[in-house]
Amino acid sequence: MVSLAEDVAIVAFEQTPSHARFNDSEQAMIMPCVNSVIEQVGMDRHDIDFTIAGSCDYLSGMPFAFVMNIDAVGAWPPVYESHVEMDGAWALFEGFVRLQSGDIDTVLVSGSGKCSPGSYREAFSLQTDPYVHAPLGLDPRTQAGFQAQALIAAGKATERDFAEVVVRSHANAKNNPYAQLSGDLSVDELLAEPYVQQPLRRLDCPPTSDGAAAMVIARADKARELCDNPVWIRGIDHRIESHHPTLRDLTDSPSVRIAAERVGLHDGPVDVAELTVTYSPEEIVLRDSLSLNGDTDVNLSGGPLTGSPFMAVGLTRVIELARSIRNGRGRRGVAHASSGPALQQNLLCVLEGDS
Amino acid sequence: MAPRPCAVLGIGQTKYKRRRDELTLDGLVREAVLRALEDAGATFEDIDAIVIGKAPDALEGVMMPLLSLADALGAVGKPIHRVHTAGSVGASTAISAVNLVESGMYDTVLTVAYEKQSEGNATWALSGGKSGGQGAGGTFAPWIRNYIARSKAPEHIGWMVAVKDRLNALKNEYAHLHLPDISIEKVRESPMLWDPLHFLESCPSSDGAAAMVLGNDDVARKSGRPPAWVISHAKRTEFGQFPGRDTVRPRAGVECSEVLYRKAGITNPREQIDCAELYVPFSWYEPMWLEGHLIAPEGEGWKMTDDGDTELGGSFPVNMSGGVLSSNPIGASGMIRCLEAASQVRGTAGEYQVPGARIAIGHAYGGAAQYYAMWMVSSELNPEL
């Protein structure tokens with residue numbers, strides 16, 4: 001486990017509902033989240049030391065789209081800020097790292113994305129290497145299908161297991177006002193549906209979603225000053241794997257295993273896990289690689305299968321975990337974010353409630 | 001806890017060129033990265049984390065390219081993340097990498113930035129993805145005219161910068177443009193692109209990558225390589241448009257340099273800093289940044305250019321490497337400014353070395369002159385000022 005110079009806590013968080021289509025700008029989704037977290041900590045926004053956002057130009061369909069998002073954060077007088085072309089969870093990573101230097105106290109983190117204006121499958125197929133994979137149209141759903149097939153071939157899962165993940169996710173989402181999809185499904189009915197990408201069916205895949213999320217994190221003394229129930233970030237780490245699916249064992253996630261070690265995941269109880277399960281088979285891989293047993297509640301929010309605003313969805317997992325801890329569903333847990341096809345890149349963040 | 005000291009221990013650059021057709025994106029970044037590792041006496045095994053930056057993905061049409069470049073960058077099993085802050089990104093990426101070292105969480109960090117502009121249409125992308133857009137020159141030209149009106153600078157200042165940077169580039173083997181017969185007359189007679197900017201007062205469109213290996217004080221000591229200590233860094237952002245905005249001397253740029261100097265204890269930048277690599281994509285930005293970053297008093301930056309102070313051998317050399325006017329792989333250009341500043345204080349700048357340079361700054365700006373990222377490097381961790 002990595003030793004940390006500074007204790008850092010989440011002191012405020014907010015998210016939009018996962019919208020099937022948000023009929024306004026990306027900034028209009030971010031701004032209420034930012035305004036809410038600023039109000040929760042009772043600070044003047046000019047007193048926030050550092051701001052960092054995560055978003056993706058390609059989802060917005062425009063180079064430099066992220067520049068307009070600063071309208072939602074505020075940049076006058078000038079601010080100290082940065083941007084990652086990644087999910088907001090990686091903005092949280094950089095914000096957390098920045099606080100470890102000990103010379104600033106507070107960071108405003110956000111993540112946002114709108115999938116509804118375009119075809120996210122087409123956009124995400126451009127994530128693959130441009131010489132071999134992209135011309136084949138090897139989009140993330142295709143690679144998720146490979147992963148699912150690999151699990152079945154290895155005897156690690158069945159289509160029924162995938163359906164059970166979907167049923168549980170949709171049932172959990174009934175308690176989540178931010179979820180886009182929820183309800184009581186039956187495994188047998190799901191298995192009777194046609195494939196969209198064999199062996200995946202429609203609900204094994206995420207809906208098209210728009211959404212945003214924001215949080216304020218702070219160093220220990222400041223955190224206690226700003227908030228009565230800070231949620232402590234005990235560790236955060238992320239790792240990547242080869243881009244080439246043929247060089248990977250798609251039924252395992254060595255990157256998750258390394259990250260779990262680095263954040264000291266099993267140095268304490270793991271009561272709750274919020275995982276970026278974009279395709280249902282990923283939950284099987286993640287549970288195994290995280291060595292989760294029956295003591296851990298997984299995706300109490302319903303997870304991305306019930307609302308998947310890319311670029312906010314990973315940061316939203318951290319928020320959902322923080323909410324579960326504040327609501328007493330557990331004392332300690334792990335949030336997971338992912339990037340790239342078939343869980344190529346993974347981030348883990350361990351949170352713990354205030355003692 | 002105080003930030004952990006961080007030093008540049010290795011530098012790598014590709015040859016910058018209109019087209020590097022012989023290389024894939026993987027090959028391009030790897031050329032720079034392998035040179036940086038070799039310069040640091042390190043291998044991929046020594047690297048704890050990687051920070052990559054570039055301008056919009058649409059320039060090459062590859063979304064989130066850190067994913068497809070993971071293998072070429074030796075990133076498998078490691079943390080890698082991607083910074084994007086418009087034209088300032090190369091410098092912001094370097095600063096993000098410094099943050100990783102300063103945090104104490106990572107001992108040795110590789111940072112890389114690139115652009116392969118021949119794979120796309122930069123002017124289209126720089127116009128926000130709109131066809132028939134004005135491009136970067138069209139955005140900046142009115143502000144440059146405003147600077148000239150305010151400062152009453154004579155029109156030959158822009159031509160002088162264009163010549164000086166191209167002459168400097170002749171000493172830099174990596175520079176894209178090598179124009180041995182450049183002259184004031186040639187610049188003046190080249191086609192007018194955006195009044196007052198002539199063709200030869202504008203940056204080229206380049207393919208290229210730049211990389212650095214950064215390490216903490218322990219790593220620096222063990223490496224035995226000359227360190228360039230990052231003694232200060234700063235970033236500032238402001239809105240691109242609003243009534244009353246000063247686009248000639250944006251407040252974010254002024255405040256960015258104020259923070260940079262304050263953190264390093266600099267009270268008189270003109271005297272205490274030995275040289276600077278400033279992001280000058282269009283000739284007039286040299287005097288504008290000399291003023292906008294408080295190196296010259298307001299209205300007097302052009303006099304430094306006119307007096308030859310900013311030449312190699314002058315009292316405050318600027319863009320000794322040839323600058324953005326000689327090589328511009330957009331996403332890498334800011335990182336090149338940072339690593340060229342580091343190269344000066346390491347004493348490794350070869351033919352364009354400023355003798356005895358101890359303190360240097362690297363700078364980049366982006367968007368509608370609204371994003372600023374700057375760092376200050378020194379041959380000593382605690383230099384006497």
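These notebook entries record what I looked up in a predicted model.

**Entry 1: chain B as a whole.** I began with the secondary structure of chain B and found 14 helices and eleven strands. I then compared sizes: the radius of gyration of chain B is 19 Å, close to the 21 Å from the globule rule for 385 residues, so chain B is as compact as a globular protein of that length. The C-alpha trace of chain B spans about 55 × 50 × 45 Å along its principal axes. Of the 385 residues in chain B, 65% are buried. Among contacts in chain B with a separation of 6 or more, I noted that 79% join residues 24 or more positions apart.

**Entry 2: chain B against chain A.** I next looked up the contact between the chains, to which chain B gives 49 residues and chain A gives 54 residues. On the chain B side, the elements giving two or more residues include strand 3 (80-83), helix 3 (89-102) and helix 9 (251-264). Helix 3 of chain B provides the largest share of that side, five residues. I recorded the classes on this side of chain B as 22 nonpolar, 17 polar and ten charged residues.

**Entry 3: the domains of chain A.** I found chain A divided into domain 1 (8-119 + 208-232) and domain 2 (137-205 + 233-352). Their C-alpha centres lie 23 Å apart. In the contact between them, 35 residues of domain 1 meet 28 residues of domain 2. Among the elements that each supply at least two residues on the domain 1 side, I listed strand 1 (8-15), helix 4 (88-100) and strand 7 (210-219) of chain A. The residues on that domain 1 side divide into 22 nonpolar, eleven polar and two charged.

Note on methods
Residues are numbered from 1 along each chain as its sequence is written. Chains are lettered from A and ligands numbered from 1 in the order in which they are written. This is a predicted model: local features need pLDDT of at least 70, side-chain atom pairs count only at pLDDT 80 or more; totals for chains, interfaces and linings use all residues. Two residues are in contact if their C-beta atoms, placed from the backbone, lie within 7 Å. Helices (H or I, at least four residues) and strands (E, at least two) are DSSP runs, numbered from the N terminus. Ala, Val, Leu, Ile, Met, Phe, Trp, Tyr, Cys and Pro count as nonpolar, Asp, Glu, Lys and Arg as charged, and the others, Gly among them, as polar. The radius of gyration is taken over C-alpha atoms; the globule rule is 2.2 Å times the number of residues to the power 0.38. A residue is buried if 20 or more other C-beta atoms lie within 10 Å of its own, exposed if 12 or fewer, and partly exposed in between; C-beta atoms are placed from the backbone. Domain bounds come from an automatic or database domain assignment.
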